[in-house]
Amino acid sequence: MSRDVRSPSVAACCGALLGLGAGIIRPRRADARFLASLRNAGLPKATATVSVSPLRQVPRSVPTALIVEGRRRPRRIENSLASFVVTHPTATFVVDPGVCVNVGERAVAQLPAVLRAAVKPSADVVPTAAALAEQGYAMADIDFALPTHAHWDHVCGLLDLPGLPVYLHRTEHDWVTAGSVAPVGGVRDSLEERPTIDYDLDGPPVLTFARSHDLFGDGSVVVDLAGHTPGSVGVLLHAAAGHMLLAGDAAWHTYQIDDIRQKSSYPGGLADEDRVEAFRTLHRLHAVKDRVTVVPTHDPSAARRLWSSANPSSLVP
Ligand SMILES: [Zn+2]
């Protein structure tokens, strides 16, 4: 396993910690002019209906101040390393297979020390492969994985799913593999020795998102959510309950989208590759939040709403 990681500079780390205090007092303000300038290109015509199931995960409680800049209530919120199984008429795939067995040693140990304490999963975190088995999926049932981006907590579950093909935005693949070391938060082991299908965002604007890519030619699309990482995408799907957008880490919690609040400076300032672009993307999400169900990967409350709307009489897994 490579332990090469591009570490944030001391200055960046100090800046992030100082920014945490400043952000609590004076969070970055929404850009009303940019919000008003956004044009809504509408939803793609969907000819397929999918089901989306969150895999079981154990949330951890974290201070809200470490997730949503400037938000003080509630004092704590839940955060989880979620994954989703999408059942499409022609393929079944996993979005954000984010936890491997022994995640501390195999993934978190590769991260810069300054990030490890903030992101260390609890001992009872559920590996993606175990959660799939619990819910009755065999390896042969899954056709491919679709990470929203290539940070460790969205791909490292692949380590226990050998040979599973991965669909990856070409920009993201280039970002995480170019250069001598992986970017902060990125790991490479998960992508090695498996078929990787790179795609480009070659499709038209969708909703307020500038580019898209149609996965099956039926309105099941990925959309451009750049900022958190250069090639971050969201997965926009038509389900029985309506359209839903699996939004990766474009937001860590729904409060960020509702309030247009960026991630807290620590650790968000170290995790977001481009804070300006990430903040613009938050505006784009805010503008469509009443049109589609937006599910940030790490927000278990959003995953619960998703599950409840699709399975009104069932318990959340
Ligand atoms: Zn991320």
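Which residues does Trp152 touch, not counting residues up to four places away in sequence? In this predicted model, the contacts of Trp152 (heavy atoms within 4.5 Å) comprise Leu81, Gly98, Val103, Ala107, Val108, Leu111, Val119, Pro121, Gly185 and Val187. Residues are numbered from 1 along each chain as its sequence is written, and side-chain values use heavy atoms, with hydrogens and water left out. Because the model is predicted, local features need pLDDT of at least 70 and side-chain atom pairs count only at pLDDT 80 or more, whereas totals for chains, interfaces and linings use all residues.

Trp152 also belongs to the largest nonpolar core, which has 29 residues. A nonpolar core is defined as a set of buried Ala, Val, Leu, Ile, Met, Phe, Trp, Tyr and Cys residues joined through side-chain atoms within 4.5 Å; buried denotes under 20% relative accessible area, exposed over 50%, and partly exposed the range in between, with a 1.4 Å probe and protein chains only. Together with Trp152, the residues Val103, Leu132 and Leu158 touch the most other members of this core. At least two core residues come from each of helix H5 (128-134), helix H6 (152-155), strand S7 (166-169) and H7. Helices (H or I, at least four residues) and strands (E, at least two) are DSSP runs, numbered from the N terminus. Another core, of 24 residues, lies apart from the largest one and includes Val86, Val95, Leu201 and Met244. In soluble globular proteins, nonpolar side chains tend to be buried together.

Strands S2 (residues 60-63) and S3 run antiparallel and are joined by four bridges, pairing being assigned if DSSP finds at least two bridges between two strands. Within this pair, Asn79 in S3 stands opposite Arg60. The loop between S2 and S3 contains Pro74, and the peptide bond from Arg73 to Pro74 is cis, with omega near -10°. A cis peptide bond also joins Tyr266 and Pro267, with omega about 5°; Pro267 lies in helix H9 (residues 265-271).

Positive phi values occur at two residues other than glycine. Asp96 has phi near 60° and is located in the loop between strand S5 (91-95) and helix H3 (103-106). Asp96 counts as buried because its relative accessibility is 0%. Glu193, with phi of about 55°, is placed in the loop between helix H7 (170-177) and strand S8 (196-199). Glu193 counts as exposed, at 82% relative accessibility.
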